[in-house]
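Here is a short briefing for a reader meeting this structure for the first time. The points are grouped by topic and can be followed alongside the sequence and the 3D view.

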Amino acid sequence: MSGSPDEVALVESEEDFIVRARSWTHGRPFPLLNGPSVERYRDRLRRRGRHRWPAADTRPRDGVVLSVGGQANTAAGALLAGATSRPHSHVGLGELAEVVGRHAGEPIALVGLVDDFAPLGDWPGHLAPRLGVVTARDASSLSCLVYRTLTLPALDAARDWVINHPDDEEADSADAVGWDELGSLTDEPLRVLAMRTHGMECSANLPDAILCGRSDYLRPPLPLLEERRAVSCLRGAGCYRKDLKEEQRIAACDIDANVVITQTCMSVAVGNNVFPGEIGFGVGFLAGTAVAVVGTIGKHLEDAGYMHQMRDGLDAGRPIGETLERVNRQARLVGGEMSRLGLLGDPTLVLKPPEERVTPRPARRWSPRQDDGRVLRRLSYVNGTVVPRLLRLRWLDVDVPEGDVSELRGAIRNATGARRGVPPADELAVVTERLAAIQAEVARRIVEQIHSSWWHFTQEALPAFGKAGDEPARCPRCGVDSAFRARFAHRVEPELVISTVQCRRCGDLGWSTDDSTADLETDHVVWLRRGQARTMRATLSNRQARRLTGAVGFAISAGAFLHLDKGWSAECDLGSGGSRELSWTVEVSSQVVPHEYEGWCVRLLDGIYSASTVQMEVLP
């Protein structure tokens, strides 16, 4: 590919790039640092019939450009700002919040490498509503991203493409739901790629395929620090999807899409990334030819409406940052922080309208003796509070034995005088025994369900909940003010209220139907080695003024498929203000892939259902 003198100056060293960028003005060759991303872009341009480097679009744009990190980042930020007539400042991370705050009412393009944001420990986009992080894994990729951002008008892809999980409510109207339909992702240029499926920080999953954030030119395995959480490919064990062939793994950098909108958990992870930036899913697209990625921050309350609103805003010609701000403002009223979307890319980007678009379908009396008062209060509590709590769990797809609950209510009626001649205290003992057995059985079923499926506390019920409140919190896992506590009330069963603690960096920390009842203290991250056993410990404390009875347990999500322990459950009795020390052993066989797995500590106490995550880091 050639380029006229006023288009591109391709350089081979970072030092040359910095020098040329400092002296660049309109009309001079645009500096571009050669590397794999540049080669990918050159190849895509050729495949689109363009054999010369396109000229940068130097029309003025609103807002400011800020940069962090090294001199190459400063150079890239200065180029982006100079080409678009925006002011540019290089800032230290310590002053970032203050500087961003001064510009919070306008678009902010924040430029830097992924690793430069790591000391923040949080997603920088939460500092301003129209902030986009212009980022990459190395200086060459960053310079190429800036150039692609300025040459977007030359990428005249007109088609949008939708990927949905086959179980999704809009799967029937998607372009692809499985491996056999994904071929055009790497063959055809796309204006917008939109996807809604299961995922994690490094990838998005379909039953028979995986979209991978890792760039294939990296030499495996990457250096391993055993103190750091990592997935199996960083342990030298290959992809964790052992059910797939290599050709069923598609690298995000090989997908030819201008803008990507993804509703897969933790798809935008910069600053808040737990895993190394080399495998981040959203950043993987920016290592290819994408100029922007809109995705989820942490664990996400999925809603098809957010994706449609983003696409509608882009189709209407609104800048991507403005569109994101509108969507987040509305989404926050529904799901709070669990509905937040983030932007990787310049917030002033504007797309051409599509020529072709798949439009998904729019988006659930008695007279007691005086000495029986204590017994009756207990019976009233079990009948009026505990039993309804248990039955409400069915809305969360918890398998509650309704026949046993019906027998329990019969025992309560007997104890309140329907059957004469039996002391109420003896009848209370029968009620207590039946209640304990029911809760133990429910806990056993939950543990079994965790072990045998890709389990989540709410299963498929979360869309039926509406936000009831949220507040910022310090993450108990990473110790950073990057967490929030959110409450959701069921729209049909309003007495069912769930709360969760989520971290924009660490993800899911725990869920409960009443988080004021009992505390569980345990290690948030546990390190294990294959072929060895590990003793785990936890402390369960009762914060209530009444005794709590029920069951506790532990299991690893989908352990049945991963050669991991079946888990366990046991009855539990906690006096008022009391605590109980728990310990158990986890065996890790030599068959287990060295990877990060999600363990769940579950509790069912007086009908209150809680679960806390433990990240299980298996080392070779």
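The second largest cavity is lined by Leu528, Ile556, Leu564, Val586, Val588, Tyr597, Met616 and Val618. It holds about 30 Å³ of space. The model is predicted.

**Cavities**

- The lining of the second largest cavity divides into eight nonpolar residues, no polar ones and no charged ones.
- In soluble globular proteins, nonpolar side chains tend to be buried together.
- The largest cavity has a volume of about 40 Å³.
- Its lining consists of Leu520, Ala538, Val552, Gly553, Trp568, Leu582, Trp584, Cys601, Val602 and Arg603.
- Two or more of these lining residues come from each of β23, β25 (579–587) and β26.
- Strand β26 gives the largest share, three residues.
- By class, the lining of the largest cavity has eight nonpolar residues, one polar and one charged.

**The second largest pocket**

- This pocket has a volume of about 530 Å³.
- It is lined by 30 residues, and the closest to its centre are Arg485, Val501, Leu520, Arg603 and Ser612.
- Five strands each supply at least two lining residues: β18 (497–503), β19 (507–512), β20 (518–522), β26 (596–605) and β27 (608–619).
- The largest share, six residues, comes from β27.
- The lining of the pocket is made up of 12 nonpolar, 10 polar and eight charged residues.

**Arginine 603**

- Arginine 603 lies in strand β26.
- It lines the largest cavity, and it is also among the residues closest to the centre of the second largest pocket.
- Is arginine 603 buried or exposed? Its relative accessibility is 8%, so it counts as buried.
- Its side chain makes a polar contact of 2.9 Å with the side chain of serine 612.
- Serine 612 is likewise listed among the residues closest to the pocket centre.
- Beyond its neighbours within four places in sequence, arginine 603 is in contact with Leu520, Leu540, Ala551, Val552, Ile608, Tyr609, Ser610, Ala611 and Ser612.
- Isoleucine 446 is 157 residues away along the chain, and its C-alpha atom is separated from that of arginine 603 by 9.8 Å.

**Arginine 229**

- Arginine 229 sits in the loop between β11 (209–212) and β12 (249–251).
- It is buried, because its relative accessible area is 11%, and buried means under 20%.
- What does its side chain pair with at 2.4 Å? The partner in this polar contact is the side chain of glutamate 596.
- Leaving out residues up to four places away in sequence, arginine 229 touches Arg235, Val274, Phe275, Pro276, Arg477, Cys506, Val525, Trp527, Glu596, Gln615 and Glu617.

**Arginine 191**

- Arginine 191 is found in strand β8 (residues 190–196).
- It is buried, with a relative accessible area of 2%.
- Its side chain reaches the backbone oxygen of lysine 352 at 2.5 Å.
- Apart from neighbours within four places in sequence, its contacts include Ala157, Arg159, Asp160, Asn258, Leu314, Asp315, Lys352 and Pro353.

**Nonpolar cores**

- The largest nonpolar core has 96 residues.
- Which of its residues touch the most other members? They are Ile163, Leu185, Leu193 and Phe285.
- Isoleucine 163 touches Ala176, Leu182, Leu185, Leu193, Ala194, Met195, Arg196, Leu206 and Leu211, not counting residues up to four places away in sequence.
- A second, separate core has 45 residues, including Leu379, Val405, Trp600 and Val602.

- Serine 85 has a phi near 60°, a positive value in a residue other than glycine.
- It is found in the loop between α3 (71–83) and β4 (88–90).
- Its relative accessibility is 48%, so serine 85 counts as partly exposed.
- Histidine 563 has a positive phi of about 65°, although it is not a glycine.
- Its place is in the loop between β23 (548–556) and β24 (568–574).
- At 45% relative accessibility, histidine 563 counts as partly exposed.

Methods: Residues are numbered from 1 along each chain as its sequence is written. This is a predicted model: local features need pLDDT of at least 70, side-chain atom pairs count only at pLDDT 80 or more; totals for chains, interfaces and linings use all residues. Side-chain values use heavy atoms; hydrogens and water are left out. On a 1 Å grid over the protein atoms alone, a cavity is a set of points where a 1.4 Å probe fits but cannot get out, and a pocket is an open set with protein on both sides within 12 Å along at least five of seven lines; lining residues have an atom within 4 Å of a point. Grid points are joined across faces, edges and corners, and a volume is the space filled by probe spheres set on the points. Helices (H or I, at least four residues) and strands (E, at least two) are DSSP runs, numbered from the N terminus. Ala, Val, Leu, Ile, Met, Phe, Trp, Tyr, Cys and Pro count as nonpolar, Asp, Glu, Lys and Arg as charged, and the others, Gly among them, as polar. Buried means under 20% relative accessible area, exposed over 50%, partly exposed in between (1.4 Å probe, protein chains only). A polar contact is a pair of N or O atoms within 3.5 Å; within protein, one must be able to donate a hydrogen and the other to accept it, and residues adjacent in sequence count only if both atoms are side-chain atoms. Contact means heavy atoms within 4.5 Å. A nonpolar core is a set of buried Ala, Val, Leu, Ile, Met, Phe, Trp, Tyr and Cys residues joined through side-chain atoms within 4.5 Å.
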